[in-house]
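Open your viewer and get ready to select residues as we go.

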Amino acid sequence: MRTHLLMVAAILAASSTVALIANTTWYDMEWIRREIGNTGKQPEPTTPPNGDNPIVEPPDPTEPEEGYILVDGVLENLAAESAFFVDAREQDDYDEGHLRGAIFVPADDIYEHVPNSLMATGALVTDLIIVYCGSPTCDASHNVADALRRDFSFENVLIYKNGWEEIEASDRFEDYIVEGDES
Amino acid sequence: MIEQRASSKKQILAHLCALAVAGYFLFAAYGKIGHGDARQFAIEISNYKIIPPAYVNLPAVFMPWWEVAAAIALIVPATRRAGASIIGAMLVAFIAAVAYSAFYLGLKISCGCTGAGSSEAGWLTIGRNVLLLVGAIASVYLYAWPAKRQAIGA
C-alpha cells in the first residue's frame with residue numbers, strides 16, 4: 001500500500017513539474033486569473049459627507065451596465081457599420097440565422113476562430129467588438145468577450161446580453177438578419 | 001495447461017483494457033495541452049460553475065499532464081495500479097462534476113473532455129466515463145488475477 005501511494009505521488013509530482021515548466025515556457029497563463037475590465041459591475045454607492053446612509057442610485061434601464069450594450073446601441077452600430085459583430089453560438093444556430101457581417105466565434109473553440117476569422121477580417125484591438133449569443137442566460141458571449149479582452153488584448157469589447165432571443169423577437173432587425181454563409 | 005491459457009487470455013484482456021483507456025486519455029490530453037487549447041480548457045472548466053473563476057487556470061494547466069502521466073503509467077504493468085488509481089480518481093471526479101453541473105444546476109455546457117469542440121456534458125459523458133472506469137479497474141484486476149490465484153493456492 002505504501003509503495004503504491006509513493007508511486008502515485010511520484011507520478012503526480014513528475015507530471016506537475018512538467019506542467020509547471022510548460023506553463024512557464026509555453027502557455028504563459030496566469031496562475032490566478034485577475035479580473036479584467038468591462039465586467040459589468042454596478043457602481044459603488046457614494047457616502048454623503050454628513051455620515052448618513054450611503055446613497056445607491058437605482059440603475060437606469062436605458063443605460064447599459066459597463067461592458068454591455070443595449071438593443072438601440074446595437075442597431076446604431078449595425079446601421080453605421082461601426083463595429084465588428086461576433087456570434088458566439090453553435091454552428092447550427094449561426095447557419096440558421098445571424099446578424100449581417102457577424103463573425104462566427106463559437107464559445108467552445110475560441111482560440112481557433114479568433115485569429116482565423118475575426119482577426120483575419122482586419123479587426124484591430126482598438127475596434128469596437130460586440131459579442132452576442134442565444135439569450136440573456138447563456139454564458140457563451142461572456143466567455144468569448146473575456147477571451148478577447150484577456151488573451152487577445154481587445155480594448156473595446158461589449159456584450160449584447162439579450163442576444164439572438166431579442167433579435168428574433170424584434171422586427172427592428174429584419175434588414176440585418178442573414179442565413180448560412182451569407183455575410 | 002488450461003488454467004495457463006485462461007490466465008494468459010485474462011492478461012491479454014488486461015493489456016487491451018489498459019491500452020484502450022490509456023489511448024483515450026492520451027487523445028483527450030492532446031486536445032488540452034497546446035497554447036490556445038489550455039486556455040480553451042480553462043473556459044470549459046469555468047462553465048461548470050464549481051471552481052471559482054480566479055482559480056480555473058490551475059486545473060487547466062495541471063490536469064492534462066496528469067492524464068498523460070497516468071495513461072503512460074497504466075500501459076506499463078509495473079505502474080499500472082498507480083496509473084489506474086489516478087485515472088479512477090479523475091473519472092469519479094468528472095462523473096460527479098457532470099452530474100452536478102449538467103443535472104443539478106441544469107447547465108447546457110460542453111464537457112471539455114477532449115478540449116475544444118467536446119460533446120455536451122450529459123448522460124453520454126457519464127456513460128463513457130463509467131466504461132473507462134470499468135476498463136481501468138479491469139486492467140488491474142485481470143492482470144493480477146493469475147498471481148492472486150497462485151497465492152491462494154488454487
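How many residues does the contact take from chain A and from chain B? Chain A gives 30 residues and chain B gives 37 residues, where contact means heavy atoms within 4.5 Å.

This is a predicted model, in which local features need pLDDT of at least 70 and side-chain atom pairs count only at pLDDT 80 or more, while totals for chains, interfaces and linings use all residues. Residues are numbered from 1 along each chain as its sequence is written, chains are lettered from A in the order in which they are written, and side-chain values use heavy atoms, leaving out hydrogens and water.

Next, select A:D139 and B:K49: their side chains meet in a salt bridge at 2.7 Å, N to O (a side-chain nitrogen of Lys or Arg within 4 Å of a carboxyl oxygen of Asp or Glu). The rule finds 2 salt bridges across this interface.

Now show A:W31 and B:F62. Their ring centres are 5.8 Å apart and their planes at 25°, so the pair is stacked (rings of Phe, Tyr and Trp, the last by its six-membered ring, pair with centres within 6.5 Å; planes under 30 degrees apart are stacked, over 60 edge-to-face, the rest tilted).

Colour by accessibility: A:W31 is partly exposed at 31%, whereas B:F62 is buried at 16% (relative accessible area under 20% is buried, over 50% exposed, in between partly exposed; 1.4 Å probe, protein chains only).

Finally, pick A:Y27, which is buried at 1% relative accessibility.
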